[in-house]
Protein chains: 4
Amino acid sequence: MIIVLKNNQQEKQIDNLVNWIKGLGLGVHFSQGENATILGLIGDTSVVDVDIIQSLDIVESIKRIQEPYKNANRKFHPEDTIVDIGGHKFGGDHFQIIAGPCSVESEEQIIGIAKSVKAAGATLLRGGAFKPRTSPYAFQGLRGSGIELLFKAREATGMPIVTEIMSVTHLDLFMDVDLIQVGARNMQNFELLKELGKTDKPILLKRGLANTIEEWLMSAEYIMSEGNGKVILCERGIRTFEPYTRNTLDLSAIPVVKERTHLPVIVDPSHACGISRLVPSLSMGAAAVGSDGLIIEVHNDPTHALCDGAQSLYPEQFSKLVKKLEKIMPLIDKKLDSEQN
Amino acid sequence: MIIVLKNNQQEKQIDNLVNWIKGLGLGVHFSQGENATILGLIGDTSVVDVDIIQSLDIVESIKRIQEPYKNANRKFHPEDTIVDIGGHKFGGDHFQIIAGPCSVESEEQIIGIAKSVKAAGATLLRGGAFKPRTSPYAFQGLRGSGIELLFKAREATGMPIVTEIMSVTHLDLFMDVDLIQVGARNMQNFELLKELGKTDKPILLKRGLANTIEEWLMSAEYIMSEGNGKVILCERGIRTFEPYTRNTLDLSAIPVVKERTHLPVIVDPSHACGISRLVPSLSMGAAAVGSDGLIIEVHNDPTHALCDGAQSLYPEQFSKLVKKLEKIMPLIDKKLDSEQN
Amino acid sequence: MIIVLKNNQQEKQIDNLVNWIKGLGLGVHFSQGENATILGLIGDTSVVDVDIIQSLDIVESIKRIQEPYKNANRKFHPEDTIVDIGGHKFGGDHFQIIAGPCSVESEEQIIGIAKSVKAAGATLLRGGAFKPRTSPYAFQGLRGSGIELLFKAREATGMPIVTEIMSVTHLDLFMDVDLIQVGARNMQNFELLKELGKTDKPILLKRGLANTIEEWLMSAEYIMSEGNGKVILCERGIRTFEPYTRNTLDLSAIPVVKERTHLPVIVDPSHACGISRLVPSLSMGAAAVGSDGLIIEVHNDPTHALCDGAQSLYPEQFSKLVKKLEKIMPLIDKKLDSEQN
Amino acid sequence: MIIVLKNNQQEKQIDNLVNWIKGLGLGVHFSQGENATILGLIGDTSVVDVDIIQSLDIVESIKRIQEPYKNANRKFHPEDTIVDIGGHKFGGDHFQIIAGPCSVESEEQIIGIAKSVKAAGATLLRGGAFKPRTSPYAFQGLRGSGIELLFKAREATGMPIVTEIMSVTHLDLFMDVDLIQVGARNMQNFELLKELGKTDKPILLKRGLANTIEEWLMSAEYIMSEGNGKVILCERGIRTFEPYTRNTLDLSAIPVVKERTHLPVIVDPSHACGISRLVPSLSMGAAAVGSDGLIIEVHNDPTHALCDGAQSLYPEQFSKLVKKLEKIMPLIDKKLDSEQN
């Protein structure tokens with residue numbers, strides 16, 4: 001970390017700063033230039049609060065050289081982390097497809113979809129039980145009983161299940177869920193992240209709507225610093241000025257994240273764009289840029305379930321998409337998990 | 001609500017949609033144009049899930065005419081809501097100044113600052129006990145014991161206290177806090193909002209970093225729909241591309257919000273910009289656009305407490321600012337609360 | 001177009017509005033609801049100025065049903081437009097790769113790169129002669145003589161050339177350029193667009209940093225409405241809050257644009273991210289989502305030309321990338337142009 | 001400027017870089033740390049192209065210490081620049097109000113508005129002759145004859161006139177305009193900026209919709225580096241995700257800009273929000289944060305000119321606003337120019 005001081009500062013203030021830094025267990029390298037005085041901090045600077053230093057009157061600016069995340073950092077863990085969920089592996093040369101409906105609605109619905117997405121090549125089943133909704137008047141999901149229905153679908157198909165947690169107080173209900181999803185709105189619910197870090201459950205950490213890649217990795221770090229290294233990242237679109245798509249899918253984040261961290265990263269094209277007919281193209285793009293998998297909404301017969309259509313593909317569209325994804329795998333040195341088994 | 005259908009749709013699909021809408025208890029007005037078929041929905045459309053309709057294949061686009069919030073809507077409650085906190089009123093012709101340190105650090109510190117900001121004209125005391133930090137390695141606040149210290153400062157000065165809650169599981173610790181703050185990162189922590197809605201505690205609801213004004217009012221609606229109408233809104237900057245200031249303070253949101261809702265709205269210039277020397281200018285601007293108050297960070301002697309400097313004013317700067325704010329009051333038809341008592 | 005009026009308006013004001021709309025040659029369908037009065041506009045609403053209507057006191061809100069662009073609109077021109085540049089076709093089942101250096105520097109440099117990118121599979125040569133630079137102190141390009149050097153490279157290799165125009169006053173210099181690029185900063189330089197519309201030169205229209213897809217198509221419409229239909233669109237990243245990549249490449253824009261317009265659309269991954277090692281992944285993604293081509297920066301030996309390295313690939317990296325792109329073509333029902341010839 | 005190199009680089013590459021920097025006339029201070037090698041650049045680094053260095057394989061990151069603008073930099077010119085336009089001064093303790101219609105429509109209209117805004121306290125007259133419109137089908141302004149009408153209004157009232165230039169090729173028409181406006185969309189039309197820099201006309205430089213403060217000052221630098229120091233900056237809103245207001249007025253930019261540059265900076269609240277009833281509040285806010293003036297749209301009788309209403313105040317609303325602005329002046333140590341004369 002480099003701290004650039006303003007010119008003509010009182011020595012006493014600089015001394016205070018230097019002593020405070022040394023008190024954090026860091027060394028300081030002092031360099032007096034013509035136009036600026038520069039302090040180089042030596043040691044583990046992840047303990048340093050950049051905001052505090054930035055706010056000091058004598059400081060012109062500050063620059064991190066090392067990333068503030070450690071457990072998630074590829075520099076200290078060069079090999080890909082493989083997260084195994086019921087025999088299905090995320091990371092390395094694996095490519096997983098998670099699929100399922102937006103919301104769990106009934107036993108018949110969720111088992112029906114589970115069977116059809118499994119047949120098409122999906123390896124994990126997604127389904128919303130607790131639903132984060134902008135409006136308190138909108139359907140909030142089946143909650144606890146939705147999770148029960150997911151368990152039944154798992155029993156019927158053997159597929160591990162993925163569903164979203166919205167509160168620390170619901171944690172007990174999730175202890176038998178295979179992959180616990182933290183949604184975009186909770187990416188910086190730090191108390192929730194800490195509690196999840198104390199479990200040994202795999203966590204699917206979605207990127208927040210307006211969070212930088214660094215903040216996303218720092219949220220992974222929250223989970224990992226408590227001892228749980230089984231984190232899978234998920235890009236799902238960021239908020240921009242463009243109104244046509246609900247969010248802007250940031251596919252350039254994928255190669256960046258793969259470079260910075262050893263954790264697997266998958267893509268959710270359904271929520272990113274909010275328009276189901278764009279999902280196949282974006283899924284192909286997500287695979288081509290090197291992600292480790294996809295999480296896609298698939299709904300059952302729309303003539304019977306009007307409510308289930310948001311951003312979802314029909315099973316036959318999904319099945320066609322999987323066949324195309326299969327063909328792109330050799331170009332990214334990966335294999336669909338469904339082919340491997 | 002108006003739904004524009006695509007051309008040349010099958011009658012059966014349109015019938016399905018119309019029946020589903022009627023099933024929600026709404027009327028439908030059908031209008032067949034040359035280029036488009038338009039459905040007008042009649043009744044309380046706040047129950048309608050826009051995303052679901054938008055996703056239907058037969059729908060070209062959809063447009064709300066009524067706002068989706070009811071309790072927070074000024075249309076149904078034209079007079080300003082006044083929220084009274086220990087005799088200090090927010091809303092109407094009142095202007096409140098909340099001040100205090102970023103973090104509570106010690107009894108001496110918090111009582112010292114409380115006395116000095118009270119002397120300068122602040123009416124409520126803020127101080128962080130639970131601190132949301134991007135990094136798990138940064139200081140997370142004194143937590144429960146920080147709240148105890150705030151109680152001591154209240155006892156010493158008579159000032160009501162404002163502090164942030166980060167988890168539903170901490171709610172017990174906050175039952176004697178005068179104004180419970182929901183931070184920007186938790187603005188859409190819906191489970192927390194619902195629980196706060198079941199209490200009778202006044203809530204300070206900060207706008208999320210990337211949340212629209214409508215989403216912000218919908219989060220107020222979450223609290224209000226559970227029965228708690230004592231919500232104060234707080235603008236604290238939104239995330240944009242501009243790197244110079246930490247966030248972009250959206251002062252145009254103030255007159256918009258005052259028009260849309262009867263709830264009081266205050267401004268936090270300290271967190272918005274992250275640069276203490278900009279705080280006085282932005283505070284003046286926030287008053288001039290018609291907000292109902294300010295929440296400002298003030299720190300004690302910086303030579304003794306290096307850590308407390310983030311975006312904070314010194315007491316003497318704060319005192320000068322209050323004198324200027326006093327003079328702007330007549331122009332916005334308000335009075336500083338400290339003048340009134 | 002639908003205009004929603006506020007409640008309880010004076011009849012006279014509504015009459016004024018209706019008469020004004022009729023004066024534009026449009027019909028008006030009047031619909032009086034319980035909570036709102038709605039005007040439906042019938043006819044060619046592209047002549048209507050939305051901003052003016054929006055600003056009227058009696059108007060609650062306004063909604064376009066038809067897109068405001070006509071010449072660029074796929075609805076009125078369902079087949080893909082094919083733009084032919086020296087025998088190389090953009091659009092349909094064609095995929096073109098444009099490559100070359102950031103700036104033209106010398107005859108030796110530009111001919112050298114031209115030969116190497118042609119050998120690797122590029123079909124057009126790009127090179128900056130006029131360079132838009134944030135700083136007046138940065139190198140502004142070789143300008144007119146840079147174009148001369150591009151002509152020499154074309155002569156040496158047979159490749160058509162692409163280069164950026166920055167001012168209407170330079171138009172004479174560009175009359176022998178094969179594909180004239182309008183850069184992101186000039187996407188709404190309307191006077192320039194109009195003049196280009198009066199020529200018969202193919203135009204490569206880059207999306208502005210903060211421009212919506214609709215604004216981008218409206219800028220194409222500026223060129224087309226003057227009679228020049230040979231417009232190729234180019235996505236090159238939008239400005240967001242994410243600091244890691246210079247811009248955020250909006251790959252979801254590609255399927256959206258392909259749906260809305262019949263014009264070809266290509267992708268510039270080099271400028272979008274500003275990091276050359278991300279270019280291969282993003283190029284693969286850009287192809288997979290269905291774009292019609294790529295424009296990629298390739299530089300010559302970096303040990304001899306330090307200055308030419310910005311976001312550019314080495315020729316051998318570029319050559320490897322083209323081989324991978326070749327393999328992705330069947331999945332998007334396209335062919336590399338270099339294979340076809 | 002500080003360049004942080006990646007670890008374990010070949011000496012030869014570092015030597016190449018150091019030699020290249022020295023070739024630019026700069027000194028290099030070499031500092032070898034445990035985890036990083038750091039180069040400190042000594043001298044005038046405004047000549048250095050950050051993008052090129054950033055793109056080098058051996059460079060981890062780069063950090064400017066000095067701002068890249070010189071003529072516009074307050075460090076080298078601590079006193080406020082005063083720009084005098086026909087006796088009306090911008091900067092220092094002056095506060096100017098520019099007012100007028102969106103578009104010039106007729107002699108009667110422009111002279112009528114000019115008289116009424118002058119009576120209310122405006123000192124300069126604005127009016128659009130060349131209009132930048134998103135759509136080629138929207139009214140493009142009276143162009144040259146609009147400027148003639150502005151001259152007549154100037155003759156009738158003595159008010160200097162402000163109007164927007166859209167192309168270098170129109171420069172002749174503007175040689176008798178008192179203050180030439182460069183609109184947001186042309187802020188980085190560098191060829192236009194250079195030509196304006198060669199004139200001695202005062203320039204009103206609006207901030208681009210998605211441009212950082214630094215880029216805005218660099219565009220001022222383009223004008224100033226050609227010899228024209230008479231630049232007035234104008235904040236007019238930036239593009240964000242918030243849909244309610246057309247743009248987000250960035251009032252925090254005002255104190256930042258005043259700190260960084262000696263140039264005057266004014267605010268355009270009309271275009272920023274696009275909603276005329278918000279203009280009075282935002283104008284008060286703009287004054288309170290310390291700007292040097294306002295540019296406000298005022299229209300004439302709306303019953304006669306429906307088309308002229310976009311984001312404009314009525315004369316009587318404008319007059320009331322000016323009276324309130326007068327009262328805020330003492331708080332920002334300024335005086336309305338109309339009071340001074």
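How many of the 8 residues of helix α7 (residues 253–260) of chain A are buried? In this predicted model, 7 of the 8 are buried, so helix α7 of chain A is largely enclosed by the rest of the structure.

**Chain A as a whole**

Chain A has 341 residues, and buried residues make up 66% of them. Its secondary structure comes to 11 helices and 15 strands. Along the principal axes, the C-alpha trace of chain A spans about 75 × 45 × 40 Å. Among contacts in chain A with a separation of 6 or more, 66% are accounted for by residues 24 or more positions apart.

**The enclosed helix α7**

The buried residues of helix α7 in chain A are A253(A), I254(A), P255(A), V256(A), V257(A), K258(A) and R260(A). They pack against elements of chain A, namely α6 (213–225), β12 (231–235) and β13 (265–267). Other chains also contribute to these surroundings: α9 (279–288) of chain C and β4 (59–63) of chain D pack against the buried residues of α7(A).

**A pair of packed helices**

Two packed helices are described by the angle between their axes and the distance between the axes. In chain A, helix α3 (residues 107–120) packs with helix α10 (residues 315–328) at an angle of about 25°, and their axes are 9 Å apart. Because of that angle, α3(A) is roughly parallel to α10(A). The crossing in which α3(A) passes α10(A) is right-handed. On the side of α3(A), the contact is made by S116(A), V117(A) and A120(A). On the side of α10(A), the contact residues are P315(A), F318(A), S319(A) and V322(A). By class, this contact has 5 nonpolar residues, 2 polar residues and no charged residues.

**Relations between chains**

Two copies of a chain are related by a rotation about an axis and a shift along it. The table gives these values for two pairs of chains.

| Chains superposed | Rotation | Shift along the axis | RMSD |
|---|---|---|---|
| Chain C on chain D | 180° | 0.0 Å | 0.0 Å |

The same surface serves both copies, as 95% of the contact residues of chain A recur in chain D.

Most residues other than glycine have a negative phi. D333(C), although not a glycine, has a positive phi of about 55°. This residue is placed in the loop between α10 (315–328) and β15 (335–336) of chain C. D333(C) counts as exposed because its relative accessibility is 63%.

In chain D, D333(D) likewise has a positive phi of about 55° and is not a glycine. Its position is in the loop between α10 (315–328) and β15 (335–336) of chain D. With 63% relative accessibility, D333(D) also counts as exposed.

Terms used
Residues numbered from 1 in each chain as written. Chains lettered and ligands numbered in written order. Predicted model: local features only at pLDDT ≥ 70, side-chain atom pairs only at ≥ 80, totals over all residues. Heavy atoms only, no water. Axes fitted to C-alpha atoms, helices over the stretch in contact; angles between N-to-C directions. Helix = DSSP H or I, 4+ residues; strand = E, 2+ residues; numbered from the N terminus. Parallel < 35°, antiparallel > 145°, perpendicular 65-115°, else oblique. Left-handed = near helix turned anticlockwise from the far one by under 90°. Contact = heavy atoms within 4.5 Å. Nonpolar A, V, L, I, M, F, W, Y, C, P; charged D, E, K, R; others polar. Least-squares fit on C-alpha atoms with pLDDT ≥ 70 in both. Buried < 20%, exposed > 50% of the residue type's maximum accessible area, 1.4 Å probe, protein only.
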